Amino acid sequence: MCDEPLTCTVNERLQPIYNMTEKRSEISDLGEFGLIDRIAQHTQLQNSTSVVGIGDDAAVLDGGEEYILVSTDLLAEGVHFDLAFTPLHHLGHKAISVNVSDIAAMNGKAEQVVVSLALSNRFSVEAVDALYEGIRAACQQYKVDLVGGDTTASRSGLILSITAVGRVPKDKVVYRSGAKPNDIICVTGDLGASYIGLQVLEREKEVYLVNPDMQPGLEKYEYMVGRQLRPIARTDIVFELAELGIKPTAMIDISDGLASELFHLGKNSGVGTRIFEDKVPIDQAAYEAMALEFKIDPITCALNGGEDYELLFTIHPDDFEKIKNHQDIHMIGYVHEKPNEHTLVTKHGNAVPLRAQGWDHFKSGG
Ligand code: ADP
Ligand code: MG
């Protein structure tokens, strides 16, 4: 029972929101992950069907024969996307992909999505059509069904919230918490290109604002821009690992950056990691754009860029033989027993501590 008083003054209601007392704490000081930890600490599960709650890529519910997986993501205009360079079709597709990716990170398969929309009157019916074309294309690609949602008005642009529901056999579910010392750390695909794609798109927007007749060619950056605008969830890897007879010991998808995800995996598993710079996969064209054009150390992009939507997982050393020839799975390091100690061994052989910068939306104001 909530026993807060029902009758109070406007001042009393607004006080906790603005909290102008000395005790006021800023969300930006806590950060997104600190805030989630705080919510989790004060949340207890009451039903035996709630197997795992806050803290993994998806919640795990007991569905009888199998586990049901539930994951949700919210995309806000001006925070997660800029419509000056994000076609609505791609936005719809991406919103589905990022949720399907979270289900894949549990070693599961997404089967349904619900889509909720808040729209300002700036948007036409055709705009909504374009958004849903992308949503439907992604649903077809991943074989998931759009089964509901909610629609409302917004005073501040477009807000898109998607919840995906999936399934996994009970003995196949993979958590962030199962990594053990000596496990091999693997990543799929390549990292950092999405971040460079975003830099290219932002640069294009700046050029356009100065001179709308200028149309910078993006052909050279097609791969990077594609990684940013239309990431693909690695459902293929979940399938292939099963074919190879491998169940990862732990898994997470790379949404905030490799470094940040290594910290999550390490924290949940009570272990540390050691990775090798020369093993971290980076696309060649993206590497050149990072180093030569944007003058950012490519490993920094790969570690902290985010939005790659690749899978980061650990396997038991016995599974090494089964995976070693896979073209798209890269072994980048190993797990060790020292909790919270995450190290990068550079190309020159120096061991440097990793920092989990990630992308913290609360730090950028708004
Ligand atoms: P991901 O990057 O995989 O989408 P997040 O970092 O967004 O994961 O969330 C981590 C965990 O915290 C998930 O289990 C998610 O469901 C939970 N979570 C995030 N925000 C909230 C919230 N406001 N209330 C309750 N749980 C939350
Ligand atoms: Mg995730």
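Author: Gladly! Let us begin with Asn107, found in the loop between helix H3 and strand S4 (109–119). Please keep in mind that this is a predicted model.

Reader: Why is Asn107 called buried?

Author: Buried means under 20% relative accessible area. Asn107 has 10% relative accessibility, so the residue counts as buried.

Reader: And what makes the phi of Asn107 worth a mention?

Author: Most residues other than glycine have a negative phi. The phi of Asn107 is near 70°, a positive value in a residue other than glycine.

Reader: Which other residue has a positive phi although it is not a glycine?

Author: Lys295 does, with a phi of about 50°. Lys295 is found in the loop between helix H9 and helix H10 (298–304).

Reader: Is Lys295 called buried or exposed, and how do you know?

Author: The cut-off for exposed is over 50%. Lys295 has a relative accessible area of 66%, so Lys295 is exposed.

Reader: What does Asp328 touch, not counting residues up to four places away in sequence?

Author: Asp328 touches Val187, Thr188, Gly189 and Arg234. For such a contact, heavy atoms must be within 4.5 Å.

Reader: Now to Leu354, in the segment after strand S13 (351–353). What makes Leu354 count as buried?

Author: Leu354 has 9% relative accessibility, which is under 20%, so Leu354 counts as buried. Leaving aside its neighbours within four places in sequence, Leu354 is in contact with residues including Leu262, Phe263, Ile275 and Leu303. The C-alpha atoms of Leu354 and Thr273 are separated by 9.5 Å, although these residues are 81 apart along the chain.

Reader: Which residues of helix H6 (residues 222–229) are buried?

Author: They are Met224, Val225, Arg227, Gln228 and Leu229. These buried residues pack against helix H3 (88–104), helix H5 (193–210) and helix H9 (284–293).

Reader: On to strands. How do you know that S2 (residues 59–62) and S3 (residues 66–76) pair?

Author: Two strands pair if there are at least two bridges between them. S2 and S3 are joined by 4 bridges, so they pair, and they run antiparallel. Asp62 stands opposite Tyr67 in S3. The two strands form a hairpin with 3 residues between them, and Gly64 in the turn has a positive phi of about 90°.

Reader: What about S3 and strand S6 (residues 159–169): how many bridges do they have?

Author: There are 11 bridges, in the antiparallel sense, so this also meets the rule of at least two. Val70 has Val165 in S6 as its bridge partner.

Reader: Finally, the protein chain as a whole: how do you know that its radius of gyration agrees with a compact globule?

Author: With 366 residues, a compact globule would have a radius of gyration near 21 Å, and the protein chain has 21 Å, so the two agree. The chain has 11 helices and 13 strands, and 42% of its residues count as buried.

Methods: Residues are numbered from 1 along each chain as its sequence is written. Chains are lettered from A and ligands numbered from 1 in the order in which they are written. This is a predicted model: local features need pLDDT of at least 70, side-chain atom pairs count only at pLDDT 80 or more; totals for chains, interfaces and linings use all residues. Side-chain values use heavy atoms; hydrogens and water are left out. The radius of gyration is taken over C-alpha atoms; the globule rule is 2.2 Å times the number of residues to the power 0.38. Buried means under 20% relative accessible area, exposed over 50%, partly exposed in between (1.4 Å probe, protein chains only).
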